[in-house]
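This report covers aromatic ring pairs and charges placed over rings. The sequence and structure come first.

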Amino acid sequence: MILKNYINGRFAPSRYATVRPFLNPADNSEIGQVAESSIEDVETAIHAARKAFDEGPWPKTPAQERAAKLLKLAALIDSRAAQLAEFESRNNGKPLREAEYDVADAAGCFRYYAGLATKPQGQTFEVGDPNIVCQTIREPIGVCGQIIPWNYPLLMAAWKLAPGLAAGNCCILKPSELTPLSVSVLFELIDEVGFPPGVVQLVYGAGDPVGQYLAASPLVDKIAFTGGGVTGRKIMTAAASNFKKVTLELGGKSPNIVFADADQNLALEYAMFGIFAGQGEVCSAGSRLLLERSLANSFLPRLAASCEKIVVGPGLDAGTEMGPLISRAHQKKVLDYIRVAHEDGAELLCGGGVYTDQRAVGNFVQPTVFTNARPDMRIVREEIFGPVLVVQLFDTEEEALRLANDSIYGLAGGVFTSDASRAQRVVRGLRAGITWINCYHPTFNEAPWGGYKQSGIGRELGTYGYEAYTEVKQITHCINPQPLGWFKNLA
Ligand code: TXE
């Protein structure tokens, strides 16, 4: 199997027929090979997108027709849901049940933005002149480069393509080099729907040069990125060349705060779900558990015992509750953090290693919890992006909030309490873009997603995510034009 780019309405190998293998993280076996694009391939895609936007029908296609195509795509995703979920689990490693949610969400995302495309968009403004009608309309931004990571390959493609296409843009998607499989099926479906050539394209390949070139090109009008902060900074710097519109969804170190008055069973299960869903490779993972001190003696032993019972295995095995990490390199990064945690004096509550049984061939890491964590420790401050939970204890609501906000990140946060007033006070005190009360992780296409501080710029999903793919045009219309009389001597 060799996966091809999709450029100008056709599947095509990379210009120099270069490929790279991609793997199953459960055993590191090769699944297939994927085109490794050159700069020439990206350039071809950018020129096709430019032509499609500047001269083609797509930006002026009535919203109803754009919506119809997205609805057809959603239906096709549903019709291939089982295969898509299996591919996602095989290539990313996540448990099949999680992949099934992702596929349903991806179809829902195309449906949501199909609906939004036909809803009221502009506004009319009362200004201080009765002869003036002042309005705004929304227009597509143009050519959009969209760079996505490996943790939600299909869903991130949907989050980027659905609003971009619904709003009339021409999109070039660059998936992670590690996870091309589900996206290759998505583009088979996109081909079946039949968009005008150049409207929606796929270029596989390395972050640098392929993604970097998209971010730097003066012919690209917007860059949307989900990934790590180091790469985000490079993208923003490159995008400054022509002041591209930029949206960034970066990492996090999100606090999950449990008060003593919370339903303990609920808090326990969500503390685990917050960090171990997606093996902790989730930007919004609840990676810091802030626990009211009086709970420590009862909560922590239950947490340890429950973590030891998590069924860790290949995502496609029935009953698997947590899968392998994406790559050997990432597994090593997570294990390095575990070593640093020990060195810095954190106390291991459970996990902390790899498996020596048949899982040794994959990139598995045990569900791991550290306690006695100080705010200055690296495991408290830095995003690990793996199944490692760090517990900090607090005595008061004020201290909980202070610890929660003591981070360069501000993506998400959760609070568990039976006191509704406190719940509102605490989430309003969190400097974070996504907050949950008495739950953790539920995510909806209808609601905005994005971070404060170094967790990113802009919002995806919901109406905010649609607006991020539009320019606002002001139209000022004089309905009673009169000579101005400003210059006395008109020739
Ligand atoms: O991500 P990168 P990596 C965090 C997480 C993880 C760390 C590094 O902490 O450990 O980032 O992961 C493309 N110009 N997140 O290195 O590099 C790359 O090809 C343009 C959080 O795997 O951010 C891929 O398509 N593009 C996160 C995409 O960027 C470039 C999800 C993401 O890869 C590029 C993933 C460049 N110079 C990791 N270099 C989240 N927010 O959910 C790379 N890319």
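Y112 is buried, with a relative accessible area of 18%; buried means under 20% relative accessible area, exposed over 50% and partly exposed in between, with a 1.4 Å probe and protein chains only. Y113 is also buried, at a relative accessible area of 0%. The model is predicted: local features need pLDDT of at least 70, side-chain atom pairs count only at pLDDT 80 or more, and totals for chains, interfaces and linings use all residues. Residues are numbered from 1 along each chain as its sequence is written, and side-chain values use heavy atoms, with hydrogens and water left out.

Rings of Phe, Tyr and Trp (its six-membered ring) pair if their centres lie within 6.5 Å; planes under 30 degrees apart count as stacked, over 60 as edge-to-face and the rest as tilted. By this rule there are twelve aromatic pairs. Two of the pairs are tabulated here.

| Pair | Centre to centre | Angle between planes | Class |
|---|---|---|---|
| Y112 and Y113 | 4.9 Å | 80 degrees | edge-to-face |
| W159 and W449 | 5.6 Å | 70 degrees | edge-to-face |

Together with W436 and Y440, W159 and W449 form one aromatic cluster.

A charge sits over a ring if NZ of Lys or CZ of Arg is within 6 Å of the ring centre and within 35 degrees of the ring normal. The charged end of K222 sits over the ring of Y469, 4.2 Å from its centre. R422 lies over the face of F259, 4.1 Å from the ring centre.
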